[in-house]
Amino acid sequence: TVILTSSLGACPSSDTMIVAAGSKIVPVVIGRDTICAGTSTTLRTNTKYASYLWSPGGETTDSIVVTTPGLYSVTVQSAGGCSGSSLPMGVVVHALPTATIRATTDTLAARGTPDTLSLGGRFAQYHWSDGSNGATLVVTDSGTYSVAVVDSNGCSASGTFTLPLAAPMATMDLHLDPIAAAPGDRATLKL
């Protein structure tokens with residue numbers, strides 16, 4: 001409240017006037033502060049304003065799409081001409097995990113013989129091609145197997161592995177003429 005008093009002229013007078021001061025503008029940047037490599041997040045303010053100036057980059061839109069790590073802030077102006085700047089918001093970009101499948105052996109010795117498939121790292125979630133979700137997969141047949149994983153940051157990756165069946169041992173059919181031998185006799189076979 002402001003009281004104006006005038007002492008001009010023969011009759012002093014006063015009047016009361018209410019002056020409304022503009023509220024201080026403090027924009028808040030909102031959006032995801034962590035993303036995975038190859039993805040993006042959209043940053044915007046908590047309230048709409050007449051104009052925007054984002055830093056870094058100099059964009060003048062009401063929101064920005066971010067794909068790189070860094071500190072992001074915005075200076076805004078209201079329709080009434082008041083301006084303010086936000087505190088910086090940090091965006092972290094996590095590297096994608098690697099899902100490299102390894103087998104206990106390079107080849108499956110024979111159908112029905114178990115082999116274990118595993119990954120080089122630890123993950124929060126595993127989704128194998130057979131529907132299982134453990135850290136390892138026991139297989140008993142040759143073939144191509146795949147896994148999708150999610151790490152502790154929520155980033156995902158997938159991998160495939162082909163487990164071949166070992167080449168069968170060479171076999172020979174020997175047709176020998178019968179020979180007379182007593183138990184304990186020795187014989188030599190030359191190929």
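**Aromatic pairs, sheet and cores**

A search of the whole structure finds 2 aromatic pairs. The model is predicted, so local features need pLDDT of at least 70 and side-chain atom pairs count only at pLDDT 80 or more, while totals for chains, interfaces and linings use all residues. Residues are numbered from 1 along each chain as its sequence is written, and side-chain values use heavy atoms, with hydrogens and water left out.

Q: Why is the pair of Y49 and Y52 called edge-to-face?
A: Rings of Phe, Tyr and Trp (its six-membered ring) pair if their centres lie within 6.5 Å; planes under 30 degrees apart count as stacked, over 60 as edge-to-face and the rest as tilted. The ring centres of Y49 and Y52 are 6.3 Å apart and the planes stand at 75°, so this pair is edge-to-face.

Q: What makes F123 and Y126 an edge-to-face pair?
A: Their centres are 5.9 Å apart, with 85° between the planes.

Q: Why does Y52 count as buried?
A: Buried means under 20% relative accessible area, exposed over 50%, and partly exposed in between (1.4 Å probe, protein chains only). Y52 has 8% relative accessibility, so Y52 is buried. Y49, at 18%, is buried as well, and so are both F123 and Y126.

Q: Why do β13 and β16 stand at the edges of the sheet?
A: Strands (E, at least two residues) are DSSP runs numbered from the N terminus, and two of them pair if DSSP finds at least two bridges between them. The open sheet has 3 strands in the order β13-β15-β16, with antiparallel pairing. β13 (125-128) and β16 (156-163) each have a single partner strand, so one side of each lacks a neighbour in the sheet.

Q: How do you know that β15 pairs with β16?
A: β15 (residues 143-150) and β16 share 8 antiparallel bridges. In one of them, Y145 has F161 in β16 as its partner. β13 and β15, also antiparallel, are joined by 4 bridges.

Q: What makes up the largest nonpolar core, and which residues touch the most other members?
A: A nonpolar core is a set of buried Ala, Val, Leu, Ile, Met, Phe, Trp, Tyr and Cys residues joined through side-chain atoms within 4.5 Å. The largest has 16 residues, of which I101, L117, L119, W128, V147 and V149 touch the most other members. Two or more residues come from each of β12 (115-119), β13, β14 (136-139), β15 and β16. A second, separate core of 14 residues includes I35, Y49, V74 and V91.
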